[in-house]
Amino acid sequence: MQIKFLKKEEKLKIEEILKKEYETDFSFQEFSLFLKENKIFLCSKEIEEKKEIFLKINFFSFGLFFGELKKNDRILLSLEGGQMIALSARKNIAFLDEKSLRNFLLGFNILGTKEINCKEEAFVLLKYRDDLVGIGKKKKNYIENLTVKTRRLSQF
Amino acid sequence: MKELFRKNFFYLENSILLKIGESLKKGYQRAIRANTIKIESSKLKERLEKKGFLLKEVPWFQDAFFVKTNKSLGKTLEHFLGYFFVQDASSLLPPLVLDPKPGEMVLDLCAAPGAKTTQMAQMMKNQGVIFANEPKKKRLAVLKGNLQRCTILNAILTNLDGRLFSKTGLKFDKILIDAPCSGSGTFISNPSILLGLKEGLIKKLVHLQKTILASAFSCLKKEGTLVYSTCSLDPRENEEVIDWAIKNFSVKIQEIKVKGIDFHPGILEYNGKTFSPEIRKCARIYPFDYQTEGFFVCKLSF
């Protein structure tokens, strides 16, 4: 599968999308970024510097899955991607209470949250107190749980 | 149980054997390592204590804690969010002895499930490169999941046979071999392990351990450091492997000193075989020392 390391201006474009979606000033300056199809990954700068060497060997994967580029210039963040930008985000945020947190961790959709500037059909950052706990999609009357099945808890 | 101990640990002095038996009665001390890439260890301690967990610092690693609880640590929000890794306190030692630094090129030859890989990434401040190799495909998915949960940026996963890793031609500043082993030192957390220790299995493992070690030497830079460790107490998987290495390769054993812990020296005799006096520089930790799993660690360089 083709791996494409991003140049400075391409990184800035992704920062712009994040700014538009979450009003965040998060910067990729200290990381290297690469795309694998539509998926965005972060890795250490030293990995990018050595790419000519290791891309020749039979590697399985590398870097951190940050998020996936979607239609209309949107990004569906991974939990870890969300955690990285959450501190500076000021838009498309929903706060869970204890009950909705439990439901969320078990894989259910979420009803009745306190929301900050959430647009319908937007990907929203789900917070419980100071923690970013996941990513959802804002629907008319609820928030769709986008946590992958493998990461849901069976008990909480 | 007494018979099993005598059979499996006949090579240990009587006084050590007695203490090992007692350690089983006292029970196992579970431990966690705070993932400081995501949270300060003091904040994690405060959060878990509010939830009723009792935490006590591990003397040799500032970001790790012994945890007293009957509750499942894996079902906490903090675990889900990647704020900590459940890791035996003695298994923190091999990365500590290797001491990887930011910017270095490191190889973790038998990496799954990723406790030591994520610990090293943390020690390296997520900089540099760690080649995390796991030959078993099934275990690779677990490793990948743990690296993601802990927000590790500097790891490259490979699925190669450790014995053939030298064919990649890559050279490393530091190499960790937490070798596949019988796990006989883990009986304190898993007593049934002693039932499966068969002679044939140990022989196969010793052969595998030696070939992995030989391959790793070819991947080590001239000024590099290699740490060999197992969670076995059997001298054949430990001192015998190292004795073979120093006699067949131009490597030397380095003294090991870690603040907060005293080690037992390597064993010099096993079943009529005597090892080089240098083997004393190897480090052993027994389950009765800190109610952790038993471990063997050795630091080598050219």
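## Reading strands, core and interface

Mentor: Leaving aside residues up to four places away in sequence, L109(B) touches N133(B), G162(B), F165(B), I175(B), L176(B), I177(B), I212(B) and A216(B). Contact here is a C-beta criterion: two residues count if those atoms, placed from the backbone, lie within 7 Å. Bear in mind that this is a predicted model, where local features need pLDDT of at least 70, side-chain atom pairs count only at pLDDT 80 or more, and totals for chains, interfaces and linings use all residues. Residues are numbered from 1 along each chain as its sequence is written, while chains are lettered from A and ligands numbered from 1 in the order in which they are written.

Trainee: Which residues have the most contacts inside the largest nonpolar core?

Mentor: General idea: in soluble globular proteins, nonpolar side chains tend to be buried together. A nonpolar core is a set of buried Ala, Val, Leu, Ile, Met, Phe, Trp, Tyr and Cys residues joined through C-beta atoms within 7 Å. Buried means 20 or more other C-beta atoms within 10 Å of the residue's own, exposed means 12 or fewer, and partly exposed is in between, with C-beta atoms placed from the backbone. Here the largest core has 120 residues, and those with the most contacts inside it are L125(A), L109(B), A155(B), I175(B), I177(B), A216(B) and Y228(B). Helix 8 (residues 199–219) of chain B provides the largest share of this core, six residues.

Trainee: Which strands does strand 3 of chain A pair with?

Mentor: Strands (E, at least two residues) and helices (H or I, at least four) are DSSP runs numbered from the N terminus, and two strands pair if DSSP finds at least two bridges between them. Strand 2 (residues 32–36) of chain A pairs with strand 3 of chain A in the antiparallel sense over five bridges, with I40(A) as the bridge partner of L35(A). These two strands form a hairpin with two residues between them, and E37(A) in the turn has a positive phi of about 55 degrees. Strand 3 of chain A also runs antiparallel to strand 5 (residues 64–70) of chain A, joined by four bridges; K39(A) has E68(A) as its bridge partner there.

Trainee: Is strand 3 of chain A mostly covered or exposed?

Mentor: Mostly covered: four of the five residues in strand 3 (residues 39–43) of chain A are buried.

Trainee: How many residues of each chain are in contact?

Mentor: 23 residues of chain B are in contact with 25 of chain A. Strand 7 of chain B gives the most to chain B's side, four residues. Strand 7 of chain B also runs antiparallel to strand 4 (residues 59–62) of chain A, with three bridges joining them, and F62(A) stands opposite I156(B).
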